[in-house]
Amino acid sequence: MNITKQSQLTENQKQAMMELAHICQERESLSIQLYPDLDEEEQLFYLHSDEQGHLISFLSLTFYEEECLVHAFTHPSHRKKGCFNLLFDQAYEENIGPAFLFTIDDNAKDALAVLNQLECERTETDYLLQYRIKGTEIMPSSVSLFPCREEESLIWLHQACFPEYPEDLSRSFVEEFISDEDAEGFIIQKNGQNVGLGFCMYQEDQVYLAGFGVLPPFRRQHIALDTLSTLSRQLSDDYSFLCVQISDVNEAALRLYQKFGFETVESVHTYLFE
């Protein structure tokens, strides 16, 4: 068996990795969001092939300042043979310093067992919540939603709604969304004032809501619930579901979505190895 390390992949290697990840995802009904971006910068890839040159396991490291996000897939027929341990031991020895973060789907039982053996600490859980749009949601007259692609206005509003985030993060978040032809931002207005914003990503019969926030002076006025109701009503002719990903760290937002009627369809856990 052969282990190779590289920072850039050939097209054949990318294809082999995607095929292996697809096999694992189909076998265990894993979340597609757990798959690494193979073209992102600041990455290392460890590839484990059999004697015939077929990829049987891979591990990727994506570096973010003091943290390193780990993705790993091993073919179901080669598990419990030490493939992951070989890759992880080499990756860790060569990259000591950043904290290693793993994102694991609830259905990945083998991976969860391995992380328990490594004595990793679970730090947070992300939930994918889904709301079935009824089309009968009440349209509150006090809230209006206006599509917006004006970059600086959205960046300012995002920063004002989320002052805990650095400004460059707000900028990169907004730029990424408005550059996507399947996404758009919207501004929330009440009594003619801008009071918040949100972003929608359109995929088949469902819409993903992200970056949804209300300015601090206008909170606790039911604006968030009214916005969800208005948005659902506007989407009802073309879409069946409204979805959002939320961390259990954000308890207030989680309660908001549950109160509106969102249900959990997927849980993804983050584990820390130091």
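Strands S6 and S11 pair in the antiparallel sense, over seven bridges. Within this pairing, Leu129 stands opposite Val244 of S11. The model described here is predicted. S11 is mostly covered, with six of its seven residues buried. S11 is also joined to S10, in this case by four bridges and in a parallel arrangement. Here Tyr208 stands opposite Cys243 in S11. S11 therefore pairs antiparallel with S6 and parallel with S10, at least two bridges being needed for strands to count as paired.

The pairing continues from S10 to S9. These two strands, residues 206-214 in the case of S10, run antiparallel and share seven bridges. Gly213 in S10 is the bridge partner of Leu197. The hairpin of S9 and S10 has two residues between the strands. In that hairpin Glu204 takes a positive phi near 50 degrees. S9 spans residues 193-203 and is mostly covered, eight of its 11 residues being buried.

S9 also pairs with S8. Strand S8 (residues 183-190) and S9 run antiparallel and are joined by eight bridges. Ile187 has Leu197 in S9 as its bridge partner.

The overall architecture can be summarised next. The protein has seven helices and 12 strands. Its C-alpha trace spans about 65 × 35 × 35 Å along the principal axes. Of the 274 residues, 47% are buried. Among contacts with a separation of 6 or more, 68% come from residues 24 or more positions apart. The protein exposes about 15100 Å², and carbon and sulfur atoms supply 46% of that area.

Nonpolar packing was examined next. In soluble globular proteins, nonpolar side chains tend to be buried together. The largest nonpolar core in this model has 46 residues. Leu209, Leu228, Leu242, Tyr257 and Phe262 have the most contacts inside this core. Leu228 touches Leu209, Phe212, Leu242, Leu256, Tyr257, Phe260 and Phe262, with residues up to four places away in sequence not counted. Apart from this core lies another, of 32 residues, with Leu38, Tyr46, Leu47 and Phe102 among them.

The search finds 17 aromatic pairs. One of them joins Tyr131 and Phe262: the ring centres are 5.5 Å apart and the planes lie at 35 degrees, so the pair is tilted. This pair links distant parts of the chain. Tyr131 is in strand S6 (residues 121-132), whereas Phe262 is in the loop between helix H7 (251-260) and S12. The two residues are 131 residues apart. Tyr131 counts as buried because its relative accessibility is 3%. Phe262 is buried too, with a relative accessible area of 5%.

A further pair is formed by Tyr202 and Tyr239. Their ring centres lie 5.5 Å apart with planes at 35 degrees, so this pair is tilted. Distant parts of the chain are again linked: Tyr202 is in strand S9, and Tyr239 is in the loop between helix H6 (223-235) and strand S11 (241-247). The separation is 37 residues. Elsewhere, ring pairs link Phe84, Phe88, Tyr92, Phe100, Phe102 and Phe273 into a cluster.

His269 is found in strand S12 (residues 263-273). His269 counts as buried because its relative accessibility is 7%, under the 20% limit. The side chains of His269 and Thr125 are joined by a polar contact of 2.8 Å.

Glu167 provides an exposed case. Glu167 lies in helix H5 (residues 167-178). Glu167 counts as exposed because its relative accessibility is 52%, and the limit is over 50%. Glu167 and Trp156 are 11 residues apart in sequence. Their C-alpha atoms are 8.8 Å apart in space.

Key: Residues are numbered from 1 along each chain as its sequence is written. This is a predicted model: local features need pLDDT of at least 70, side-chain atom pairs count only at pLDDT 80 or more; totals for chains, interfaces and linings use all residues. Side-chain values use heavy atoms; hydrogens and water are left out. Buried means under 20% relative accessible area, exposed over 50%, partly exposed in between (1.4 Å probe, protein chains only). A polar contact is a pair of N or O atoms within 3.5 Å; within protein, one must be able to donate a hydrogen and the other to accept it, and residues adjacent in sequence count only if both atoms are side-chain atoms. A nonpolar core is a set of buried Ala, Val, Leu, Ile, Met, Phe, Trp, Tyr and Cys residues joined through side-chain atoms within 4.5 Å. Contact means heavy atoms within 4.5 Å. Accessible areas come from the Shrake-Rupley method with a 1.4 Å probe; for residues, only the protein chains shown count as cover. Rings of Phe, Tyr and Trp (its six-membered ring) pair if their centres lie within 6.5 Å; planes under 30 degrees apart count as stacked, over 60 as edge-to-face and the rest as tilted.
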